[in-house]
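Subject: Structure handover and findings

Dear colleague,

Please find below the structure that I am passing on to you. My notes on what was found in it follow directly after.

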Amino acid sequence: MSAALGARVGNVLGFDFGLRCIGVAVGTTLAASARPLAVLTAHSGAPDWRELDALLRAWSPQALVVGLPLDGDGSEQPITRAARGFAGQMHQRYGLDVHLCDERHSSQEAARRFATQRAAGQRRKRDAVQLDALAAAVILESWLSETSCTRTCAT
């Protein structure tokens, strides 16, 4: 998390970018925690911008965090460029800082958390449609704890 943002308390939205679905989570800098919020439908990586506009109006985030999909060795893949493009569009559209966060293993962690919640009776099988939002929460928590999340779109 940036030092300037760390001095302020407020909301941050996190995104698990995908070509068909984009998971969204909301977090707070005060508690350095995040929770799943929504899964948006995307068409070839393009979200319904009206849905995103509504989320930003509702949560008034100070910054946005987009998961950066990298290969296991840290190299980029075609979807990495698409995620960077999405982050750039968000920066242009909303004028907020958009941070990119290494999202390797976020899907596995989201699946593990979901399985734990199911075993505890807190989730049902049908709730699996929210896995992308849970992955966004994992990404956002990683950024809030400052692990491997240092890239920022220029402002």
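A polar contact is here a pair of N or O atoms within 3.5 Å, of which one must be able to donate a hydrogen and the other to accept it. Such a contact is found at the start of helix 2, where a side-chain oxygen of D48 comes to within 2.9 Å of the backbone nitrogen of R50. Please bear in mind that the model is a predicted one.

Salt bridges

D48 and R50 are also joined through their side chains, in a salt bridge with an N to O distance of 3.5 Å.

The structure holds three salt bridges in total. Another of them joins the side chains of D53 and R93, at 2.9 Å from N to O. This pair connects distant parts of the chain, since D53 belongs to helix 2 (residues 49-59) and R93 to helix 3 (residues 78-94), 40 residues apart. D53 counts as buried because its relative accessible area, 17%, lies under the limit of 20%. R93, by contrast, is partly exposed, with a relative accessibility of 42%. With residues up to four places away in sequence left out, D53 touches R93 and Y94.

A further salt bridge is formed by the side chains of E76 and R84, with 2.5 Å between N and O. Both residues are partly exposed: E76 has a relative accessible area of 37%, and R84 has one of 31%.

Helix 2

Which residues of helix 2 are buried? They are W49, L52, D53, L55 and L56. These residues lie on the same side of helix 2, because the arc they cover around the axis is only 165 degrees. The face turned away from that buried side carries the exposed residues R50, R57 and A58. The cover over the buried residues of helix 2 includes strand 1 (11-16), strand 2 (21-28), strand 3 (33-43), strand 4 (46-47), strand 5 (63-68) and helix 3. Just after helix 2, S60 adopts a positive phi of about 45 degrees.

Nonpolar cores and aromatic pairs

The largest nonpolar core comprises 25 residues, and those with the most contacts inside it are F15, L52, L64, V66, F86, M90 and Y94. Two or more residues are given to this core by each of strand 1, strand 2, strand 3, helix 2, strand 5, helix 3 and strand 6 (97-102). Helix 3 supplies the largest share, five residues. As for M90, its contacts are F15, W49, L52, L64, G95 and V98, neighbours within four places in sequence being set aside. Another core, of 12 residues, lies apart from the largest one; V12, A34, C101 and L140 are among its members.

Regarding the aromatic side chains, there are four aromatic pairs. Ring pairs connect F15, F17, W49, F86 and Y94 into a cluster.

With kind regards

Definitions and conventions
Residues numbered from 1 in each chain as written. Predicted model: local features only at pLDDT ≥ 70, side-chain atom pairs only at ≥ 80, totals over all residues. Heavy atoms only, no water. Phe/Tyr/Trp six-rings, centres within 6.5 Å; stacked < 30°, edge-to-face > 60°. Salt bridge = Lys/Arg side-chain N within 4 Å of Asp/Glu carboxyl O. Helix = DSSP H or I, 4+ residues; strand = E, 2+ residues; numbered from the N terminus. Buried < 20%, exposed > 50% of the residue type's maximum accessible area, 1.4 Å probe, protein only. Contact = heavy atoms within 4.5 Å. Arc of directions from axis to C-beta. Core = buried A, V, L, I, M, F, W, Y, C linked by side-chain atoms within 4.5 Å.
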